[in-house]
Amino acid sequence: MSKIESILTESRVFNASEQLKKRVALTESDIAQLYAKAGKDHVGFWSDLAREKLAWSKPFTIGLDDSNAPHFKWFSDGKLNASYNCIDRHLETKSDKLAIIFEADDGKVVRYTYKELHDQVCRFANTLVAQGIQKGDRVVIYMPMIPQAVIAMQACARIGAIHSVVFGGFSAESLRDRIDDTGAKLVITANAGRRGGKIIPLKKAVDDALEKGGDHVRKVIVFRRTNDDVAMKAGRDIDWYEAEAGMSNYHDPVMVDSEHPLFLLYTSGSTGKPKGVQHSTGGYLLNAHVTNEWMFDLSEQDVFWCTADVGWITGHTYVTYGPLSVGATILMFEGVPTYPDAGRFWQICQDHGVTIFYTAPTAIRALMKFGSELPSQYDLSKLRILGTVGEPINPEAWIWYYHEIGGGRCPIIDTWWQTETGAHMLAPFPVTPLKPGSCAKALPGIDAAIVNESGQALEANEGGLLVIKKPWPSMIRTVWGDDARYQKTYFPMMDTIKDGASCYVVGDSAYQDEDGYFWILGRVDDVLNVSGHRLGTMEIESALVSHPKVAEAAVVGRPDEIKGEAISAFVVLNVDIPTEDSEQASLVQELRTWVAKEIGAIAKPDDIRFGTNLPKTRSGKIMRRLLKTLARGEEIVQDTSTLEDPSVLEQFK
Ligand code: WT7
């Protein structure tokens, strides 16, 4: 067994020190009170928090509206504006306080106070209005990890436009699918981005995407991040600064209904095209705000660095919205952890006095490989809380993070959540006793359980489906344009069990130990988790099949020490399988490059094998279990008698 799996039986418990307990805002008794209150009155608990933590232009009187379950509404007769909550409400007391510290790939630093951020967001909001964007219009943002990405998101929120950020690593094809699905009127991009000393063209992908789609896109705003030339299409493309010229630094935020969609964010499922996860304004912002306070003890004094790109939900909730709503300083970094060397993260923590650091297990494992020498060269003494997200963290990486980065004094906050949940769902508070590899317990107001397929609760230590049994404010509202898919995917027990219409099925399997701690086992469907990113096998398969030489493809995951899961592809060609090794290798290379172009480099298969047929049952169903066994290089012990043609297994070995 691999090193990661072999130590998964973890029994260590790490208790918070007295020092830590004294320092954090929430004591154990405060937390007990939160749980007690939420247990007694679920809706009242969230409603009181919504009144206390957010600024409403029109107070709400309705807490939860469940009349159209599973499409729940929270605080539905209230009005507010997300950008006002993240920026304007802090101006009176901290207009000169830093909102954003930005470190560029090349080390240059730019700082924005709350006042400066306000002015930039207002100017850009006015620009969007001048370009014809109104409340409810969709705007696609395809940007590098630079402050203008946050400014663009906040400006959309300010005018009530619905943004949909597409990760800059996605290809033109993936971008086009998303643009088309949103029906966006406007795309915001940059000519290029910089990562690890390299120039990454972005505008080019937008041009390619719009060549064959996006007929509804009228304008493209282009931020010039580098001096590289960029082709501009007359009448459609406008330079960011030219568009902004003459715009006022003031914009009156458009107050929207609490349920008004704040954004769409696309995520993979096991079948079909990516789903546009629709989030609300009020409910989303509430959980974004409180989870930053609860899990990270975030306050105005902190410099908070979440390393996620704004193209993922983590970059929405723990970069653009939550920490600013709390009034903290966020750090944004454009580059990669290994450039100019693998000490970059630790150098940034030192130079900017980062107090809270939030990253993914895959990054920790990658940096751990370089040893403890690098982090020990930097002063990491300001760090007080460390977070992790994206996949289960293996105890070995947990322990390294705890000692080598946190100096044994910072709790590791392992946060389980999803694009669809909007914010943390299962996670420890800083004072909670920690078990490496477990994301501890459900948050107050989050009713999580482990059940079997018929919705019956399971015993401690029994693995089953993770479900959330009551609606919570930041939950997904629907799949954009596809209510039926929303219901089918997330509420499959709607018609089969009592209260099934409020039983959100997560798609992960997990168990709870005898102390009630949750341990995530993995996805139940065929979705891969590669470096903390959810990728649909289906999407990768269709990318492969779109190659002229490929007839059929099946993709499965196999455990990988750094990435969590690696991608194995099984391919049937419509030409002869090359007999020469070198020819085979070059075809493998060709297909990998193809997938990178179709979806993005993160989806590149790690290995590709060829056969004359896929292992299918007589009814034509691909036997993925067998492929997984082959991908891991294990002997097949499963029953293969239902296979149409058992000989194909030999070819793929
Ligand atoms: C899936 C959600 C939430 C932002 C990152 C990914 C896995 C996430 C953990 C964790 C174990 C985790 C789950 C989940 N996952 N965090 N702390 N421990 N697994 O968002 O792309 O929506 O993926 O990531 O499988 O369902 P996403």
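Predicted model: local features only at pLDDT ≥ 70, side-chain atom pairs only at ≥ 80, totals over all residues.
User: How many residues surround the ligand, and which are the closest?

Analyst: 18 residues surround the ligand. The closest are Asp-414, Thr-415, Thr-419, Asp-508 and Arg-534.

User: What classes are in that shell around the ligand?

Analyst: The shell has seven polar, six nonpolar and five charged residues.

User: Which helix and which strand each supply at least two residues of the shell?

Analyst: Helix H12 (313-326) and strand S25 (518-523) each do.

User: What does the nitrogen atom of the ligand sit 2.8 Å from?

Analyst: A polar backbone atom of Thr-415. Side chains take part too. Asp-508 has a polar side-chain atom 2.9 Å from an oxygen atom of the ligand. Arg-523 also has a polar side-chain atom 2.9 Å from an oxygen atom of the ligand.

User: How much of the ligand's area does the protein bury?

Analyst: The protein buries 95% of the 560 Å² that the ligand exposes when taken alone.

User: New topic. What should helix H5 span, and why?

Analyst: H5 covers residues 82-94, so it has 13 residues. At 1.5 Å a residue, it should span 18 Å. Its end C-alpha atoms are 18 Å apart, which agrees.

User: What happens at the start of H5?

Analyst: A side-chain oxygen of Asn-81 comes within 2.8 Å of the backbone nitrogen of Ser-83.

User: Which residues in H5 are buried?

Analyst: Among them are Ala-82, Ser-83, Ile-87, Asp-88, Leu-91 and Lys-94.

User: And what do the buried residues of H5 pack against?

Analyst: They pack against strand S3 (79-80) and helices H6 (114-130), H7 (147-159), H11 (282-296) and H12. H12 also supplies at least two residues of the ligand's shell.

Methods
Residues numbered from 1 in each chain as written. Heavy atoms only, no water. Near = heavy atom within 4 Å. Polar contact = N/O pair within 3.5 Å; in protein donor to acceptor, adjacent residues only side chain to side chain. Areas by Shrake-Rupley, 256 points an atom, 1.4 Å probe, with all protein chains shown as cover. Helix = DSSP H or I, 4+ residues; strand = E, 2+ residues; numbered from the N terminus. Nonpolar A, V, L, I, M, F, W, Y, C, P; charged D, E, K, R; others polar. Expected span 1.5 Å × (residues − 1). Buried < 20%, exposed > 50% of the residue type's maximum accessible area, 1.4 Å probe, protein only. Contact = heavy atoms within 4.5 Å.
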